[in-house]
Amino acid sequence: MRRNILIALLTLAACLPVEAQMKWSQSYQQYFDQYKDLAIEQMLRYHIPASITLAQGVLESGAGRSELTVKGNNHFGIKCHGWTGKTIYHDDDEDNECFRAYKNAYDSYEDHSKFLTSSSRYSSLFELKQTDYKGWAYGLKACGYATNPRYAIQLIDIIQLYKLYEYDSTKKYDKFQEHETHGKHMLAHQVYAFNNNYYVIAKAGDTFRSIGEDVGVSYKKLAKYNENDREAQLEEGDYVWLQKKRRNAPKEYKKRPHIVSDGESMYSISQKYGIRLKYLYKMNDLTPDYRIQVGDVLRIR
């Protein structure tokens with residue numbers, strides 16, 4: 001009797017929509033958090049819904065864990081047809097099929113956009129509204145993007161479960177996150193992430209003007225964010241924050257105070273941790289005229 005009930009329940013579950021069967025996955029959410037800015041950037045350039053790009057990416061790449069993605073940075077399962085770049089071989093519909101390989105995730109996302117926009121097969125999709133993710137999902141299946149008969153339903157269920165459709169109406173994205181995370185190294189300065197912020201490291205001869213021109217931020221804003229003069233000559237190795245500095249360091253520094261080393265100042269310490277100078281003084285009950293000494297223990301959180 002119990003066995004019959006179990007079989008009946010399993011049969012019922014198999015008949016449910018994918019969304020009803022699908023459970024929230026941390027690996028899926030991490031994938032979306034990591035690549036949403038890249039998908040939005042592609043949407044603003046090529047008019048492909050970010051929700052569709054993310055749903056295709058997470059599904060085709062196994063949330064970034066498939067062999068094609070790990071070894072070839074191929075997030076969309078695009079094969080070698082008409083491709084002259086690097087390749088990787090993988091069993092798919094047939095054994096040992098040829099797939100495109102990329103240097104990084106950015107190149108994969110860029111090629112996915114060009115793959116769709118350059119082929120007459122998918123031209124009808126671009127007549128749809130950017131917010132019509134259902135139309136795009138069914139259209140991709142109808143145009144032959146995938147052989148799975150439930151491909152469109154899978155995309156729609158992922159988009160709805162994770163509310164990816166919210167990205168389809170956005171007009172901006174975090175360009176620093178996109179540079180720092182996805183290997184888009186077109187800037188002269190590498191962008192780093194820390195303390196819910198972004199920074200670059202100054203090179204010899206840098207000014208706020210030169211860095212501002214590189215990262216696309218007004219040099220006046222950069223100087224303000226870094227609490228410095230607009231025309232200041234930066235030293236090689238200086239931290240230059242690309243957004244307004246925070247009130248304190250990250251949570252993990254609550255029990256990890258900073259011990260002052262030779263040559264440090266309150267300003268250099270504030271720059272190191274991305275903390276506004278006045279809050280560094282305030283946290284330590286110090287006045288701006290206090291001169292720190294080697295060995296001083298400073299709270300940074």
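How many disulfides does a search of the whole structure find? One. By disulfide I mean a pair of cysteine sulfur atoms within 2.5 Å.

Some ground rules. This is a predicted model, where local features need pLDDT of at least 70, side-chain atom pairs count only at pLDDT 80 or more, and totals for chains, interfaces and linings use all residues. Residues are numbered from 1 along each chain as its sequence is written, and side-chain values use heavy atoms, with hydrogens and water left out.

Now the link. C80 and C98 are the partners, and their sulfur atoms sit 2.1 Å apart. The angle about the S-S bond is -70°, a left-handed link. The pair joins distant parts of the chain, 18 residues apart. C80 lies in the loop between α5 (67-72) and β1 (87-90). C98 lies in strand β2, residues 97-100. Helices (H or I, at least four residues) and strands (E, at least two) are DSSP runs, numbered from the N terminus.

Next, accessibility. Buried means under 20% relative accessible area, exposed over 50%, partly exposed in between, with a 1.4 Å probe and protein chains only. C80 is buried at 13%. C98 is partly exposed at 22%. C143 has 16%, so C143 counts as buried.

Last, the strands around C98. β1 and β2 pair antiparallel, over four bridges. Pairing here requires that DSSP finds at least two bridges between two strands. C98 in β2 is the bridge partner of Y89. The hairpin of β1 and β2 has six residues between the strands. In that hairpin, N96 takes a positive phi near 55°.
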